[in-house]
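Please look over the structure shown here.

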Amino acid sequence: MSAFVGTFKTRCYRFSRAKLKQGETSDFELIRHQLADPDIKDAQIINWLQEFRNCITQLGKEHEQLIYCVLRLPWLDRSPAVVEEYLAFLSSLISAQTVYLRPCLKTLISSFTPRRIKITEGNVDISDSDDDDENLPRIFDLCHQALQMIARYVPSTSRFLMPILNDNFPFVQKSSRTLECYVHNLLRIVVYIPTLRRDVLELIISKMLMLDVSAPRSEIEEVESSCQQNQSAEPQEDFLFDMEEEDDGDSSPLKTSQSVDGAVMHHPVAERLDMLMSILLAFIKDMCHVNGVLDVERAKGVYRDLVCVFDKLVLPTHASCHVQYCMFYLCSFRLGLAEAFLDHLWKLLQSPSQPAVIRQAAAAYMGSFLARAKFLSIATVRVCLDLLVPWLHLYIENQDSGSKVFCDISLHGPFYAACQAVFYTLIFRHKAILEGNMKKGLAYLQSLNLERIVMSQLNPLKVCLPAVTNLFAAITRKYQLVFCYTIIERNSRQMLPVIRSSVGGDSLSTNTNPLDTFFPFDPYLLKRSGKLIEPIYQVWEEPSDCMLDAPKKDIRKSSAEDEDDFLQDETPQGDVMMGVTPGSFDSHLQSPSSMGSPPIAFLQRPF
């Protein structure tokens, strides 16, 4: 063996000159066989690495397979001497032969997830699970140490790294443990290669959206409710014999702790999404804080990156329930961030250059954010109303002189979305506006001149979601702002036929949600990450005094379990394809998370 290693330099030189011609591959194959030996010792690995370093400049493209064998040497779980020698080999290789930068990066990234362990019995795989290796933290540390070293030697590393990170991202149906490890390592790269932060966030959020849209709100609620009922119905004796059972291969210390505090989701897709949301929200917090104190400049940078990803991925996504809460959580750190987000949505809504569906989505996000963000001051809410309501009045004025002054969603979609955003905001915020000084608050609401909007020929009450319309009518009637019931009764006699079917072809059906209504910040269902959202989230409080004023046939009282979501019972039936928020409607209905926003920059105040 020593003689073989000793003549290695000569062989490399001969390989490079002869280009591995026919008849000279025997030595080459012998080296590959030695490197691939599963029982190779630490001393042998060190000797091989040292010999390769000594002739690194003689290893050309024709030795590609040989280099791959060296890169695959088992160095991560070896002695510190092997680790040191391997890192030295990597530094020499990428310095002398930059053509091998991609293989080096691929090798390191491939170690970002736990190894798979397969147990075979009689040529049949009886087990295939993640390796719950206690050395995983050390392995990940070494991988990042190597990546940092490569990034120092090759400044263009980030340009080659992103495609590799994308290609190696585990399939979203992989185990929670695999996804957790990979996403955690991706976000760790951002710490020492900050130029990749926006791209890494875009990659992670795109994968999370795939999980989010495949787990509709109604499906999650059904699974969680069913599991709770089954657990409460099982007799206690059934658990007496479970104590000795072994955990499956997908168990982990994290999973065990989740089970103890009851924060585990029974819906498998929701469980994966919950875990990823927890990691993402923790990352956002860590990036914006230094020693527990908010760093405004760092928070601005994170906001800019996230809002770009939001515009590109989240806003145009149908049926997203939870991923958008990363923006909600970030905005809770400082009022200036929340106002910047509202300003961004407002500019989208008023921009005629944006597609109507994007403008409508921005209005939906704006209304839902104003209603649900507990951290918003009432002054900010009033400023937004002072932008939205005059814009609606101006829109009506511009339409009065035209020939298209009638109820038509295809022509006036952004207008109706903005109307519903105003109605939805007032349903949640009217009490706060009136608190303190009823006279001034009432005068402010009267100054909005809501009657003109409601009574206009565009007839927004005919288009808005019935639950929103009914509650808005009850509240405005109580405070004698608008009397909506005459219009509601007239609209109820007119069915809205929609020639559109989710199964293809033409079908005439009644659409109770013609505006494709959705509320992006409907109640958050994920248990673990929800602990971060709960303190900053405004739940729905039943305005019983207003409900008494409304016709009973039009308003359905929420159940005790769902009293935080007054839209629960307003689910349209049938197979009509509509864009609606998955918290308010059935899972088969699609919801474009991309609708629009209006003009004018507001609240030009610094963070």
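Student: How many helices and strands does the protein have?
Tutor: This is a predicted model. Its elements are counted along the chain from the N terminus. The count gives 26 helices and six strands.

Student: Among contacts with a separation of 6 or more, what part comes from residues 24 or more positions apart?
Tutor: A contact needs heavy atoms within 4.5 Å. Take the contacts in the protein with a separation of 6 or more. Residues 24 or more positions apart account for 76%.

Student: Are α9 and α11 roughly parallel or roughly antiparallel?
Tutor: Helix α9 covers residues 157-167 and helix α11 covers residues 197-213. Their axes come within 11 Å and cross at roughly 15 degrees. Angles under 35 degrees count as roughly parallel. Therefore the relation of α9 to α11 is roughly parallel.

Student: Which residues of α11 are met by α9, and how do the residues of the contact divide?
Tutor: From α9 come Met162, Leu165 and Asn166. They meet Asp199, Val200, Leu203 and Lys207 in α11. The residues of this contact divide into four nonpolar, one polar and two charged.

Student: Against which helices do the buried residues of α9 pack?
Tutor: The buried residues of α9 are Thr157, Phe160, Leu161, Met162, Ile164 and Leu165. Met162 and Leu165 also take part in the contact with α11. The buried residues pack against α7 (101-109), α8 (136-153), α10 and α11.

Student: Why is α10 described as largely enclosed by the rest of the structure?
Tutor: Helix α10 runs over residues 176-192 and has 17 residues. Its span from first C-alpha to last is 25 Å, close to the expected 24 Å. It is largely enclosed because the buried residues number 13 of the 17.

Student: Is the crossing of α15 and α17 left-handed or right-handed?
Tutor: Helix α15 (residues 296-314) and helix α17 (residues 335-350) pack at about 30 degrees, axes 11 Å apart. That makes α15 roughly parallel to α17. As α15 passes α17, the crossing is right-handed.

Student: How do the residues of the contact of α15 with α17 divide?
Tutor: On α15 the contact uses Ala299, Tyr303, Val307, Phe310 and Asp311. On α17 it uses Leu337, Ala340, Phe341, His344, Leu345 and Leu348. They divide into nine nonpolar, one polar and one charged.

Student: Which residues does Ala421 contact, leaving aside its neighbours within four places in sequence?
Tutor: Ala421 sits in helix α20 (residues 409-434). At 5% relative accessibility, Ala421 is buried. Leaving aside neighbours within four places in sequence, its contacts are Ala363 and Gly367.

Student: Is Asn449 exposed or partly exposed?
Tutor: Asn449 lies in the loop between α21 (438-447) and α22 (450-455). Its phi is positive, about 55 degrees, although Asn449 is not a glycine. Its relative accessibility is 36%, so Asn449 counts as partly exposed.

Student: What is the relative accessible area of Gln480?
Tutor: Gln480 is in the loop between α23 (466-478) and α24 (485-492). Phi of Gln480 is positive too, near 55 degrees, in a residue other than glycine. Gln480 is exposed, and its relative accessible area is 69%.

Conventions: Residues numbered from 1 in each chain as written. Predicted model: local features only at pLDDT ≥ 70, side-chain atom pairs only at ≥ 80, totals over all residues. Heavy atoms only, no water. Axes fitted to C-alpha atoms, helices over the stretch in contact; angles between N-to-C directions. Helix = DSSP H or I, 4+ residues; strand = E, 2+ residues; numbered from the N terminus. Parallel < 35°, antiparallel > 145°, perpendicular 65-115°, else oblique. Nonpolar A, V, L, I, M, F, W, Y, C, P; charged D, E, K, R; others polar. Expected span 1.5 Å × (residues − 1). Buried < 20%, exposed > 50% of the residue type's maximum accessible area, 1.4 Å probe, protein only. Left-handed = near helix turned anticlockwise from the far one by under 90°.
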